[in-house]
Number of protein chains: 2
Amino acid sequence: MSPKRAAVRQATPQLLERVAGRFRALAEPARLAVLHALEDGERSVSELVERTGLAQGNLSKHLQQLYAAGFVTRRRDGLFVQYALADDGVLRLCALMCDRLDEGVEAERAVLATAKRR
Amino acid sequence: MSPKRAAVRQATPQLLERVAGRFRALAEPARLAVLHALEDGERSVSELVERTGLAQGNLSKHLQQLYAAGFVTRRRDGLFVQYALADDGVLRLCALMCDRLDEGVEAERAVLATAKRR
DNA sequence: AGAGCGTACTCCGATACGGTAATATCCGCA
DNA sequence: TGCGGATATTACCGTATCGGAGTACGCTCT
């Protein structure tokens, strides 16, 4: 049958690397801000500069990474380039993560307590 | 009403930083390997060393980060310390990410083509 | 073809992060 | 109380990554 479907995959180093890379793309406040700014639709780079407050060059680099990770799509629109969320998967990921935040506060507290123990 | 529920949150810098931090904890093959090694139950550090092939000190650091991020729990068991997945949220996150991988291959191809264009 | 705007790329300094080796701490047991 | 195994912590090094500044490229219009 060769279960190509949702079967549990082998955790090969290559797969781990690929998955880690995707997570890494989301492991940066600036990029999360960009994704957030795209939540209500397509935006040009200039619009994203306004919305996020990032410098143009910096923003461009982050956009490349998000694009390479498959989180956003690109489209030339005359002089502009319009970026958009590739799908709602990112939002689901962030939602899952945000839910964890509230419940994780206690653990964080414990860690802090451990850190300053003694 | 002060919507503390699943309402859309403000994307404050602090929140972005916190969320990014959580993603950062998953943005490393070694830590994903650890989580994978915990999929079928509690494991001691020594067992994790065997299963992941990581050096003890190195593994310990990764475990601290996973713990601080709230992905794993800790429990003293005599001479050992047993780690376990805090909940199945991590698995859901990874599953979501893995699903994206297959579909993202095309985009990656495009990026590569762009990189070596000319 | 040239000007002007929007976007991508390159180079740089500062900082963060992962891996290793050595050391410290914690625990159970004689 | 002292020993030995298990885990945590520290110091150190090499590398990756971020942000900023400057520059190159693409597109449109005249």
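I count a residue as near a strand if one of its heavy atoms lies within 4 Å of it. The model I am working from is predicted.

**Entry 1. DNA strand D, overall.** Among the atoms of DNA strand D within 4 Å of the protein, 66% are sugar or phosphate, and bases make up the rest.

**Entry 2. Polar contacts.** H62(A) places a polar side-chain atom 2.5 Å from a phosphate oxygen of DNA strand D. Q56(B) goes to a base instead: an N or O atom of its side chain is 2.8 Å from a base nitrogen.

**Entry 3. Elements behind the surface.** I asked which elements give two or more residues to the surface near DNA strand D. Chain A supplies helix 4 (56–68). Chain B supplies helix 3 (45–52), helix 4 (56–68) and strand 3 (80–85). Helix 4 of chain B has the largest share, 5 residues. By type, I noted 7 nonpolar, 10 polar and 7 charged residues on this surface.

**Entry 4. Chains A and B.** I superposed chain A on chain B. The rotation is 180°, with 0.0 Å of shift along its axis and an RMSD of 0.0 Å. I therefore logged the relation as that of a two-fold axis. Both copies use the same surface: 100% of the contact residues of chain A recur in chain B.

Definitions and conventions
Residues are numbered from 1 along each chain as its sequence is written. Chains are lettered from A and ligands numbered from 1 in the order in which they are written. This is a predicted model: local features need pLDDT of at least 70, side-chain atom pairs count only at pLDDT 80 or more; totals for chains, interfaces and linings use all residues. Side-chain values use heavy atoms; hydrogens and water are left out. A polar contact is a pair of N or O atoms within 3.5 Å; within protein, one must be able to donate a hydrogen and the other to accept it, and residues adjacent in sequence count only if both atoms are side-chain atoms. Helices (H or I, at least four residues) and strands (E, at least two) are DSSP runs, numbered from the N terminus. Ala, Val, Leu, Ile, Met, Phe, Trp, Tyr, Cys and Pro count as nonpolar, Asp, Glu, Lys and Arg as charged, and the others, Gly among them, as polar. Copies are superposed by least squares on the C-alpha atoms of residues with pLDDT of at least 70 in both. Contact means heavy atoms within 4.5 Å.
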